[in-house]
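Subject: Two-chain model, handover and notes

Hello,

Here is the structure we talked about handing over. Please open it beside this message; my notes follow below.

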Amino acid sequence: MAIELPENVVLSRLDALANWCRKNSLWPMPFATACCGIELMATAASRYDLARFGAEVFRFSPRQADLMIVAGRVVMKMLPVLQRIWLQMPEPKWCISMGACASTGGVFDTYAVVQGIDRFLPVDIYIPGCPPRPEQLIQAVLDLQEKIQAEGTLSGREFQRPWEEARRRVFQPQLVQLQVPPLEPSQGSETANSQEAQTP
Amino acid sequence: MSFRPTFTEQTQQQLQQAFPECSLSTFRGDLRMVVPREQMYEVLRRLKDQFGYDMLVDITCVDYLYYREAKDRFGLVYLLANTQNNERLTVRVYLNEPELEVPSVYGLWKAADWLEREVWDMFGIRFRGHPDHRRILLPEEFTAHPLRKDYPLQGRGERHNFPVLRRPES
């Protein structure tokens, strides 16, 4: 039996409605460390105008943002900072890995550069390119909007506190002791001396 | 191709007379001096006080491992400048393991502070008497000195030694 709706009334699922609100009002937090950051700025500026897709308000405080755009290479000294910023962002939140360096390390296959932030962070959208064009970033935002609408976020997860354990791990890290062979003979001679000093 | 020299013949002769134990040579308009490591501090002090090299432009280091016909492992390089007559001088000290410690020249040029820390960070050469002997670029928990030629380019796993955050828990 059909129920007749009064005028000016639309039915929807609450989840879909919330997703629709969220996807059209993304607040990016720019984590720009390299040349991708320049393209990110160009995307937000008037020529490419990310405001057309509701994501123009860049917030430099993670507390006020829900989309982290990692633009540029992340070195091993920077990664704990990046993780800390990610944990400081309130739920619901998403992450775009912009450019070859953030996604894979790019040409910087050296001891200091993390080979893709997705090894240590959840990433929703990857953008290839070196650096990507602003159109690609806009496409990524559109794809992310589609993903937000499809996947939904109103699971109540943002009201739970599953991240406390993760916070403990990042803020007080218990890192694996690397098995590094001694590199300096000067250190080796020191230990030899100390052993000699201990034996008598 | 000709280079305008950054020194005068007169200075070269004076230096040669003043430091007979050091070998002087020229290359493409630059004057270079190799100093034995025992006399390093004394020579540098006299270069500053007597010859007016009042500016320390840079301290850097070269790892001669795998280098053709190299006799020594490290070459510590001091680039000096005289701001009165614009002359320049390259001072080189050869170092070998395990004696990788030289006196700090922080007392002569304050600019040596961060430069010596960088050489320690990248090559593992200690500077005796440095007021703040810490790493400058790499994280403090880093154990290696990555600009040495026997350090692998991709590291020994330092770059991936971090806790992993997954979606359900963050």
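Start at I69(A). Leaving out residues up to four places away in sequence, I69(A) touches P28(A), P30(A), F31(A), L40(A), I96(A) and M98(A). Touching, or contact, here means that two C-beta atoms, placed from the backbone, lie within 7 Å.

Some ground rules. This is a predicted model: local features need pLDDT of at least 70, side-chain atom pairs count only at pLDDT 80 or more, and totals for chains, interfaces and linings use all residues. Residues are numbered from 1 along each chain as its sequence is written, while chains are lettered from A and ligands numbered from 1 in the order in which they are written.

**Cores**

The largest nonpolar core has 42 residues. L67(A), M68(A), I69(A), V70(A), I96(A) and M98(A) touch the most other members. The elements of chain A that give two or more residues to this core are β1 (28–32), α2 (36–44), β2 (67–71), α3 (79–88), β3 (94–98), α4 (99–104), β4 (125–127) and α5 (134–151). Another core lies apart from it, with 29 residues, among them L31(B), V35(B), L115(B) and M122(B).

A nonpolar core is a set of buried Ala, Val, Leu, Ile, Met, Phe, Trp, Tyr and Cys residues joined through C-beta atoms within 7 Å. Buried means 20 or more other C-beta atoms within 10 Å of the residue's own; exposed means 12 or fewer, and partly exposed is in between, with C-beta atoms placed from the backbone. Helices (H or I, at least four residues) and strands (E, at least two) are DSSP runs, numbered from the N terminus.

**Chain A sheet**

Chain A has an open sheet of four strands, in the order β1-β2-β3-β4, with parallel pairing. Its edge strands are β1 and β4 of chain A, each pairing on one side only. From one strand to the next, the twist averages 15°. Strands count as paired if DSSP finds at least two bridges between them. β3(A) and β4(A) run parallel and are joined by three bridges. S97(A) stands opposite Y126(A) in β4(A). Helix α2(A) packs on the sheet and touches β1, β2 and β3 of chain A. The direction of α2(A) makes about 150° with that of β1(A). Axes are lines fitted to C-alpha atoms, for helices over the stretch in contact; angles run from 0 to 180 degrees between N-to-C directions.

**Chain B**

Chain B has three helices and seven strands. From the N terminus, the elements run α-β-β-α-β-β-β-β-α-β. The C-alpha trace of chain B spans about 75 × 35 × 35 Å along its principal axes. Chain B has 170 residues, and 24% of them count as buried.

Five strands of chain B form an open sheet, in the order β1-β2-β5-β4-β3, with mixed pairing. The edge strands are β1 (23–27) and β3 (55–63) of chain B. The twist averages 25° from one strand to the next.

- β2 (residues 30–35) and β5 (residues 88–95) of chain B pair in the parallel sense over four bridges. M33(B) has V91(B) as its bridge partner.
- β3(B) and β4(B) run antiparallel, joined by eight bridges. I59(B) has Y78(B) as its bridge partner.
- β4(B) and β5(B) also run antiparallel, with eight bridges. They form a hairpin with six residues between them. N86(B), in the turn, has a positive phi of about 65°.

Which residues lie on the covered face of β4(B)? They are F74(B), L76(B), Y78(B) and L80(B). The uncovered face holds G75(B), V77(B), L79(B) and A81(B). In a regular strand the side chains alternate between the two faces of the sheet.

P103(B) sits in strand β6 (residues 101–103) of chain B. P103(B) is partly exposed, with 18 other C-beta atoms within 10 Å. P103(B) and Y41(B) are 62 residues apart in sequence, yet 6.5 Å apart in space, C-alpha to C-alpha.

**Confidence**

pLDDT is the predictor's confidence in each residue, from 0 to 100. Chain A averages 82, and 78% of its residues score at least 70. Over residues 186–200 of chain A, pLDDT stays under 50. Where pLDDT is low, the predicted coordinates should not be read in detail.

Best wishes
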